Amino acid sequence: MGQADPDPLFAFLCRMGDNTLVLGHRVSEWCGHAPVLEEDIALANTALDLIGQTQMWLGHAGAVEGKGRSADDLAMLRDVWDFRNLLLVEQPNGDFGQTMMRQFLFDAWHLQMLRALTGSSEPQVAAIAAKSVKEVQYHLERSGEMVIGLGDGTAESHGRMQAALDLLWPYVGEMFQPDPVDRAMAAAGIAPDPSGLRAGFDAHVDAVLAEATLSIPEGGFAQTGGKTGFQHSEHLGHMLTQMQWLQRAYPGARW
Amino acid sequence: MGQADPDPLFAFLCRMGDNTLVLGHRVSEWCGHAPVLEEDIALANTALDLIGQTQMWLGHAGAVEGKGRSADDLAMLRDVWDFRNLLLVEQPNGDFGQTMMRQFLFDAWHLQMLRALTGSSEPQVAAIAAKSVKEVQYHLERSGEMVIGLGDGTAESHGRMQAALDLLWPYVGEMFQPDPVDRAMAAAGIAPDPSGLRAGFDAHVDAVLAEATLSIPEGGFAQTGGKTGFQHSEHLGHMLTQMQWLQRAYPGARW
Amino acid sequence: PEKLAAFQARIDAGEKIEPKDWMPEGYRKTLIRQIGQHAHSEIVGQLPEGNWITRAPTLERKAILLAKVQDEAGHGLYLYCAAETLGVSRDELTEMLLDGRMKYSSIFNYPTLTWADMGAVGWLVDGAAIMNQVPLQRTSFGPYARAMIRICKEESFHQRQGYDIMMKMARGTPAQKAMAQNALDRFWYPALMMFGPSDKDSVHSAQSMAWKIKINTNDELRQKFVDQTVPQAEYLGLTVPDETLKWNDDKGGYDFAEPDWDEFFEVIRGNGPCNTERLAARNRAWDEGQWVRDGLLAHAAKRKHRKVAAE
Amino acid sequence: PEKLAAFQARIDAGEKIEPKDWMPEGYRKTLIRQIGQHAHSEIVGQLPEGNWITRAPTLERKAILLAKVQDEAGHGLYLYCAAETLGVSRDELTEMLLDGRMKYSSIFNYPTLTWADMGAVGWLVDGAAIMNQVPLQRTSFGPYARAMIRICKEESFHQRQGYDIMMKMARGTPAQKAMAQNALDRFWYPALMMFGPSDKDSVHSAQSMAWKIKINTNDELRQKFVDQTVPQAEYLGLTVPDETLKWNDDKGGYDFAEPDWDEFFEVIRGNGPCNTERLAARNRAWDEGQWVRDGLLAHAAKRKHRKVAAE
């Protein structure tokens, strides 16, 4: 519960899979409520990609764990403290701009991470990354365009995007802070040290934000506790009440 | 599931208890978010009264059913179709005015009902009603004052209260439509025929709404399906995901 | 009048009418209403199923449901495009939906209350929709007919997925089976209503049929739907909530009870269980999206301006 | 200066200062800040526990939790009243909370993540609060001292309820026990921070102690809290997350690790896990309540006017 993750590979796979699970869920909350029909379709596409990636990551996590847990078991039957996603992805949707900013910041990290993972010493990790990297390349293009379009749009859209950036920026640092799990993965050549991804992230994000006429807020404080599972935000538990409802209410049923 | 309620007394007790359970839950959602501190306290009081009444009604329902289900079992382990509350009480809080209008319309019916039930042929029903009636008398005074104060306040508050009345009025009819359960209760002298409560309700509600300068919308259409359980609104299921989360996630645990 | 006769002759000959062809105003108006309502139904139809996406029981079920709702948005898009060829913009149509001037299918004013409803909607609602839409693949207006061909293909896929959910539920735990029966109890009559009132009470029918905008009568389609669906319910081990339901050898189909048409007209009038919520949800999406649409337009204009300036 | 000496003499003699009495500006200001912060803490403190009211596991637990949060609102009310006797209105204080000029206890910027947190908050947070507040029953300012008497009575009731939740969890299923330990792991150091930084780093301390606005040093109270709490944790079978924790016979108390004061100062600066959300929630409640407050005021004015007209 929380801090001690005895098997770092399992923990790492849960981190990858919980990120896509939780963000995919958040994005799917938009279904039927987007500002334009084309966005409804695009958001559903993103969510579908993320759900598919979740099935791969958590499926492999279950296999590595070796206790017979399926991807669904991991998604539907763990409580908050066992989740290993970044705090960023569990943040609420807010307005459409906030959703797009969250997506953009995540995509920019995600792409760096997946690119590095395509060279993983663990063949299954490399394979999942290879399958995901093209999807995420596309996510990043789209979310970047949206950030630019809305950041450099009207005064109102600019203001909203800047507010979204101010709100979400403190969740960026967590993506790059290495911890024992990361070090074990790096030592085994399974995954990169996340701190090494920062330069690539910054280069891309700075360029997009500049074009979007948005400014990164001052102060480098980083909220942490998501990927280690030590302390999620209150939002995650509320998400789980919905996401896990049927599996909790009807244990053992097949759907 | 739904239509056939083999034991009308059990069904009737669930109706009473589910009304207070669901409305108590809705009111408790305001906790910490009310427009004035005094209202936070007052809303908590109302919710507490309603939870207390729920314990009595559902406790007695479980006893009548004779299958060993406690009030908590009934509250926490039934799914939507087994709930027998009025559609009115499961409607979302909306703004403070909508919450107060819902409360007022419910209180006005609730008081009529409880007064009649104090003379029930079923001693336990009469006893619960006698305990509840003073609380509800006070709820009605308060919610009526709020409806008047906000209806006859500023143009904005008037507009919001009229909108709340327009939205909620179609849920009033269900309170007074008798069905087989009601007829069985009336025949046994346990509860009044609900249609007989309408005159008292109308007299009080008309007077308060007149003072509040609000107009009852035209058209007598009534939404139904809550108290029979045939067709609740989509809101109830979402409420249950929260309300029942812990009992569903940790079956058999004691708290 | 000569033009009119020539137009009718083309239709009778089975030719497709294309947007640039001459057509009577009545034909155009009727088509705009019909295609627009159909498009709106796809859009509003996202909501009852969208209501369960965040509660889907497995990752796979979530993906299937999401993909389905996404298809509905896609159908809305084709249909708005087909309507636009008749000279009405998507925004105009949307505004008519949002302020209540245009309708959408009454079925989407019913709530989805359990996971089994995802099955029932696919099986019964998409099933009834296909029954309505298959003949429209042969409708006289080209863009509409082509949109329907594409849509029908996806809808029948959705229907099978819905039936598959029902099957899992009907063969599942007692609670799941009860959910499945409950869903059928609630959706049976609303599904029958989807074909519209009996033809004798239906306005517009004769002219629409002459124009091949409508191909079969409402009662024909409803009968066909019942005849197809009842054996499927039996196969699932579920009971259709109609005590009068009975096979009639003479007509080679089932006799069945009419839905409550008073309820139908109340739903059309705005008194269905979810009318207010559905329209409120769409209005909210539209209003809260205003700044997004404005922002993207402003950016596109800036970009264009910069490009021109740079040339 | 003479007045000042007389004032100090009254305090030294154990007399209570009352609102109408003369008092130095510094005394007034310090008290407004302290009572205001305390009131704000009660108000913001509704939120972390309020977060679990809709998920309480039983009807009884829901009622107990709701009553507790209601008590906190009541404490806020007494304290605002006490502050108002010093010439500042509740609305002024509220605005200073909402725009960040005034603070509230840093502990409420931590999230509540499981039901066990309802136990931990009661046991540790209310426990620490009582430790701070009991001496303040003897504070020199009359209205404040009287408010504290009332509040302390209720707080110790809350603390027992919290401990009772922890007990049920710690003696419950393995999952419940794990939840209880997890809650202790997260709340231990934030609870230690509630006493403020070590006195050597604390501003205002000396003057406040002379004025009997502050009675004990932060370190004294923290030590007392640890000494009281560690055996309670042991009784629950839970492990305090401090490997250095050790009984020290010489001082008759525990040696324990300091909390991470960098984290404390970040939280104070607005960088706690929930600062943004807590303030946003209070601002939303206030802003969305504006029309209600305006409406009720307008009605009261109308009513008064009518009454006057009728006389």
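**View 1. A salt bridge between Arg90(D) and Glu38(B).** In this predicted model, Arg90(D) pairs with Glu38(B) in a salt bridge whose closest N and O atoms lie 2.4 Å apart. Across the interface of chain D and chain B, four salt bridges are found by the rule applied, together with 16 residue pairs in polar contact, both residues of each pair being at pLDDT 80 or more.

**View 2. The side of chain D that touches chain B, with the helices that contribute to it.** Two or more residues each are given to this side by helices H3 (46–50), H4 (59–84), H7 (142–170), H8 (174–193), H12 (275–288) and H13 (290–310) of chain D, and H4(D) supplies the largest share, 14 residues. By residue class, this side of chain D is made up of 25 nonpolar, twelve polar and twelve charged residues.

**View 3. The extent of the interface between chain D and chain B.** Contact is made between 49 residues of chain D and 49 residues of chain B, and the area buried between the two chains is about 4,100 Å², with carbon and sulfur atoms giving 67% of that area.

View 4. When neighbours within four places in sequence are left aside, Gly149(B) is in contact with Gly295(D), Leu296(D) and His299(D). Thr228(B), 79 residues from Gly149(B) in sequence, lies 35 Å from Gly149(B) in space, C-alpha to C-alpha.

Definitions and conventions: Residues numbered from 1 in each chain as written. Chains lettered and ligands numbered in written order. Predicted model: local features only at pLDDT ≥ 70, side-chain atom pairs only at ≥ 80, totals over all residues. Heavy atoms only, no water. Contact = heavy atoms within 4.5 Å. Buried area = accessible area lost by both parts, 1.4 Å probe. Salt bridge = Lys/Arg side-chain N within 4 Å of Asp/Glu carboxyl O. Polar contact = N/O pair within 3.5 Å; in protein donor to acceptor, adjacent residues only side chain to side chain. Helix = DSSP H or I, 4+ residues; strand = E, 2+ residues; numbered from the N terminus. Nonpolar A, V, L, I, M, F, W, Y, C, P; charged D, E, K, R; others polar.
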